[in-house]
Amino acid sequence: MIKTTLLTGLALIFAGNTVLAEESWIVSGFNMPESVIFDASRNRIILSTIIGNPSEADGKGNIVLLSPDGDVIDAAWATGLDAPKGMAILGDILLVADLTRLHEIDLATGEIRRSLDVPDAVFLNDITSDNETAYITDMLADTIWRYSDDVLEPWLSDPMLSHPNGIFLDNDRLIVGSWGAGLREDFTTEVPGSLLSVALDTKEISVIASEVGNLDGITRINDTIIVSDWVSGALFSVDSSGNAHKLAQLEQGLADISSQNSTLYMPMMFQGTLKLQQLP
C-alpha cells in the first residue's frame with residue numbers, strides 16, 4: 001500500500017460556505033475497498049476489502065487495519081471472507097455483512113468467532129449499531145435485519161425501502177439510504193434512491209430527502225447528515241429541511257463512508273484507495 005499526504009483537499013460546500021478543506025492523506029493499493037469504520041477504543045481504522053467480485057462467495061475478502069494517520073498496521077488482519085461490506089462494533093466483536101452471512105470477528109485477535117447464515121438473505125450490505133443492538137440491510141430483499149442478544153431476526157421488510165443500502169442509527173430512528181427503484185444489471189436505477197427515516201418504535205417509514213442518488217454510505221458530522229452516491233461518485237449533505245447539497249464530486253465507486261468527529265473516511269472501490277478528509 002502507498003500512502004500519499006496532501007496539503008489541500010476538495011473544495012466543499014459546507015454549512016453554506018465554500019471551503020477548501022485539508023485532505024490529510026490517501027492510501028492506495030487496496031482491492032475493492034468497500035466499508036470503513038473507526039475503532040475509537042483501540043484508536044485504529046478498520047477497512048473491508050472485497051478483493052474480486054462483490055457478488056461472489058470466493059473466500060478472497062479480508063479486513064485491513066490502519067493507524068489514525070493512515071499507516072497500514074495489518075493488511076490481512078481477518079481473512080477468509082467472501083465479499084465483506086458493511087461493518088459495526090458490538091461489544092468486543094466486529095460484525096461484518098458478507099453476502100448471506102453475518103460474521104462475528106474478535107476485535108482483539110481478528111479471528112472469526114462464528115459466521116451466521118442469514119435465512120433468505122440475498123445481498124447483505126451495511127450495518128449500524130449502538131454497541132448493543134445492530135441493524136443490517138439486505139439490499140436485494142428490501143429487508144432490515146435486527147441482531148441483539150445472539151438473536152438474528154428480520155425486523156422490517158417493505159418495498160418502500162427500495163433496495164436499502166446504507167444504514168445509520170440516529171437516536172430513535174434509522175436513517176436508510178435507498179439505492180432506488182428499477183435496478184438494472186449495471187446497478188444504475190430507473191429512479192434515484194431517497195434518504196429515508198425509519199422509526200424504531202413504530203417502524204414507520206418517512207422520506208427525509210427524495211431521489212438523491214444511488215445511496216451507499218451514511219454518516220453524521222455534528223448536525224449534518226452526509227451520504228455518498230456510489231454510481232455518480234457524488235458526496236451530499238442533507239439539511240434538517242430535507243434539502244440535499246452536493247459537497248463534492250468524486251469518482252464512481254464512492255462506497256460506505258464513515259466519520260469520527262470532523263474526519264470523513266471515504267473508500268473508493270474502483271480506485272482502490274481510502275481517502276481521509278478533514279471537514280470544518
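Trainee: Why is F38 called buried?

Mentor: Buried means under 20% relative accessible area, exposed means over 50%, and partly exposed lies in between, with a 1.4 Å probe and protein chains only. F38 has 16% relative accessibility, so F38 counts as buried. Y265 has a relative accessible area of 3%, so Y265 is buried as well.

Trainee: What do these values rest on?

Mentor: This is a predicted model, in which local features need pLDDT of at least 70 and side-chain atom pairs count only at pLDDT 80 or more, while totals for chains, interfaces and linings use all residues. Residues are numbered from 1 along each chain as its sequence is written, and side-chain values use heavy atoms, with hydrogens and water left out.

Trainee: Why is the pair of F38 and Y265 called stacked?

Mentor: The ring centres of F38 and Y265 are 6.1 Å apart and the planes are at 15°, so the pair is stacked. F38 lies in strand β5 (residues 33-39) and Y265 in strand β27 (residues 263-268), so the pair ties together parts that are 227 residues apart in sequence. Strands (E, at least two residues) and helices (H or I, at least four) are DSSP runs, numbered from the N terminus.

Trainee: Why is the pair of W179 and W230 tilted?

Mentor: The centres of the W179 and W230 rings are 5.8 Å apart and their planes are at 45°, so the pair is tilted. W179 sits in the loop between β18 (173-178) and β19 (180-183), and W230 in the loop between β23 (224-229) and β24 (234-238), 51 residues apart. W179 has 3% relative accessibility and therefore counts as buried; W230, at 12%, therefore counts as buried too. Ring pairs also link W179 and W230 with F123, F187 and F270 into a cluster.

Trainee: What makes R44 a charge over the ring of W77?

Mentor: A charge sits over a ring if NZ of Lys or CZ of Arg is within 6 Å of the ring centre and within 35 degrees of the ring normal. R44 lies over the face of W77, at 5.2 Å from the ring centre.

Trainee: How do you know that β17 and β18 pair?

Mentor: Two strands pair if DSSP finds at least two bridges between them. Strand β17 (residues 164-170) and β18 have five bridges and pair in the antiparallel sense. L169 has L174 in β18 as its bridge partner. β17 and β18 form a hairpin with two residues between them, and N171 in the turn has a positive phi of about 60°. Five bridges also join β18 to strand β20 (residues 189-199), again antiparallel. Five of the six residues of β18 are buried.

Trainee: What makes the phi of D120 worth a remark?

Mentor: Most residues other than glycine have a negative phi. D120 is not a glycine, yet has a positive phi of about 65°.

Trainee: Is D120 buried or exposed?

Mentor: D120 has 74% relative accessibility, so D120 counts as exposed. D120 is found in the loop between β12 and β13 (124-129).

Technical notes: Phe/Tyr/Trp six-rings, centres within 6.5 Å; stacked < 30°, edge-to-face > 60°.
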